[in-house]
Amino acid sequence: MGEQCLPPRDCGLCPRLREFLAEQREAHPDWFNAPVPPFGPDDARLAIIGLAPGLRGANRTGRPFTGDFAGHLLYGALIEHGFARGRYDERPDDGLELMDAVIINAVRCVPPQNKPLTAEIRACNGFLRCELESRRTLRVALALGKVAHDAVLMARGLVRARYRFAHGARHELPGGLVLHDSYHCSRYNTQTGRLSEEMFHQVIADIRGELG
Ligand code: SF4
């Protein structure tokens, strides 16, 4: 939270991603093309942890889950369960407002083929740790997919084997943070039937029940 948790626009910790961003800046000078900052209020109780910006989604628009398919399912569920208000319209100026929730990507820069390398997940983990540690109101984290789940554990200095990822799982972490897991709300997962709209809404409903 705050400037200390934001990587610089030209963060050089991941040379491959820096190079990929440079290519995108050349090809699409009107896109955001930089580390994507969190979206949501500083005093949120819920942190939703995504994987990384989508090339034509957050990397283009500068707001997490904005401009690609995953945003429809995520923001639709957040609106339905009172964690957002307004209308999601795939644009950062659509007026959508998050309430008591913040979205943070485990990796801030767009990776080729949506696949960050392990070294890149590690390199960016300090920024996630900073966000999780500095947000004193946080009570629940929702990991969208196993990479996000593992990134939260890494940020907390916890052993992965003790907290296995599973859709719908709930883990009580030391320090008071509760970690919920969901399959990522990607087009791939919904098209292959791994994640249905009902399954995803149930996870958000469970968190709403927990936070009241
Ligand atoms: S992914 Fe994170 S650590 Fe890597 S270059 Fe981008 S901001 Fe820096």
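**Close-up 1. Ring pairs link F39, Y75 and Y88 into a cluster.** The structure shown is a predicted model, in which local features need pLDDT of at least 70 and side-chain atom pairs count only at pLDDT 80 or more, whereas totals for chains, interfaces and linings use all residues. Residues are numbered from 1 along each chain as its sequence is written, and side-chain values use heavy atoms, with hydrogens and water left out. A pair of aromatic rings is described by the distance of the centres and the angle of the planes. Rings of Phe, Tyr and Trp (its six-membered ring) pair if their centres lie within 6.5 Å, and planes under 30 degrees apart count as stacked, over 60 as edge-to-face and the rest as tilted. A search of the whole structure finds 3 aromatic pairs. In one of these, the ring centres of F39 and Y75 are 6.4 Å apart and the planes stand at 75 degrees, so the pair is edge-to-face. This pair joins distant parts of the chain, with F39 in the loop between α1 (15-27) and β1 (46-50) and Y75 in helix α3 (residues 69-80), 36 residues apart; helices (H or I, at least four residues) and strands (E, at least two) are DSSP runs, numbered from the N terminus.

**Close-up 2. Y75 also pairs with Y88, and the two rings are tilted.** The centres of Y75 and Y88 lie 4.9 Å apart, with 35 degrees between the planes. Distant parts of the chain are again linked, since Y75 belongs to helix α3 while Y88 is in the loop between β2 (84-85) and β3 (97-98), 13 residues apart. Are Y75 and Y88 buried or exposed? Both Y75 and Y88 are buried, a term that means under 20% relative accessible area, with exposed meaning over 50% and partly exposed in between (1.4 Å probe, protein chains only). Y75 has a relative accessibility of 0%, and F39 is buried as well, with a relative accessible area of 17%.

**Close-up 3. Arginines lie over the faces of Y75 and F83.** A charge sits over a ring if NZ of Lys or CZ of Arg is within 6 Å of the ring centre and within 35 degrees of the ring normal. R63 lies over the face of Y75, at 5.6 Å from the ring centre. For R208, which lies over the face of F83, the distance from the ring centre is 3.9 Å.

**Close-up 4. The ligand sits in the largest cavity.** On a 1 Å grid over the protein atoms alone, a cavity is a set of points where a 1.4 Å probe fits but cannot get out, and a molecule sits in a cavity if more than half of its atoms lie within 2 Å of its grid points.

**Close-up 5. A119 is placed in helix α4.** A119 is exposed, with a relative accessible area of 55%. Although A119 and C14 are 105 residues apart in sequence, their C-alpha atoms are 8.0 Å apart in space.

**Close-up 6. Q113 and N114 have positive phi values.** Most residues other than glycine have a negative phi, and most peptide bonds are trans. Q113, which is not a glycine, has a positive phi of about 55 degrees, and for N114 phi is near 60 degrees. Q113 is found in the loop between β4 (101-105) and α4, and N114 has its place in the loop between β4 and α4. With a relative accessibility of 68%, Q113 counts as exposed, whereas N114, at 47%, is partly exposed.

Conventions
1 Å grid on protein atoms, 1.4 Å probe; cavity = no way out; pocket = protein on both sides within 12 Å on 5 of 7 lines; lining within 4 Å.
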